[in-house]
Amino acid sequence: MQHRRILIIDDDPKFREFATDTLKIAGFDTLSAHDGLSGIEMARATQPAVILLDMVMPGMDGITTCQRLKQDPALRHIPVVGVT
């Protein structure tokens, strides 16, 4: 199985841990960020295959984060899955 990298952007550390553990069991590599801004920066640096994005976060919410991801030519191709 080809290893694919998934970026998890969520302010809840318990969800990040759960998602990381679950995805690793399924054979995926994961990265995580605790807020939208650091998630965007991490996406630029790592070019993940998919982003799991929490919609309800303090500061920059998931909708704004997604809009910024999709406005960036280097990131707009990455599928984003909204979670809440």
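Visitor: How many residues has the largest nonpolar core?

Guide: In this predicted model, the core includes Leu7, Ile9, Ala43, Ile51 and Leu75. β1 (5-9), α2 and β3 (50-54) each give two or more residues to this core. Another core, of 5 residues, lies apart from it and has Ile8 and Leu52 among its members. The largest nonpolar core itself has 12 residues.

Visitor: Which strands stand at the edges of the open sheet?

Guide: The sheet has 4 strands with parallel pairing, in the order β2-β1-β3-β4. An edge strand here has a single partner strand, so one side of it is left without a neighbour in the sheet. The strands at the edges are β2 (29-33) and β4.

Visitor: About what angle does the direction of α3 make with that of β3?

Guide: β3 runs parallel to β4, and 4 bridges join the two. α3 packs on the sheet and touches both β3 and β4. The direction of α3 makes an angle with that of β3 of about 150 degrees.

Visitor: How many residues apart in sequence are the parts that the pair of aspartate 72 and arginine 44 ties together?

Guide: The side chains of aspartate 72 and arginine 44 meet in a salt bridge, at 2.8 Å from N to O. Aspartate 72 lies in the loop between α3 (62-71) and β4 (80-83), and arginine 44 lies in helix α2 (residues 36-46), so the pair ties together parts that are 28 residues apart.

Visitor: Is aspartate 72 buried or exposed?

Guide: Arginine 44 counts as partly exposed, at 48% relative accessibility. For aspartate 72 the relative accessible area is 13%, and the cut-off for buried is under 20%. Aspartate 72 is therefore buried.

Key: Residues are numbered from 1 along each chain as its sequence is written. This is a predicted model: local features need pLDDT of at least 70, side-chain atom pairs count only at pLDDT 80 or more; totals for chains, interfaces and linings use all residues. Side-chain values use heavy atoms; hydrogens and water are left out. A salt bridge is a side-chain nitrogen of Lys or Arg within 4 Å of a carboxyl oxygen of Asp or Glu. Buried means under 20% relative accessible area, exposed over 50%, partly exposed in between (1.4 Å probe, protein chains only). A nonpolar core is a set of buried Ala, Val, Leu, Ile, Met, Phe, Trp, Tyr and Cys residues joined through side-chain atoms within 4.5 Å. Two strands pair if DSSP finds at least two bridges between them. Contact means heavy atoms within 4.5 Å. Axes are lines fitted to C-alpha atoms, for helices over the stretch in contact, and angles run from 0 to 180 degrees between N-to-C directions.
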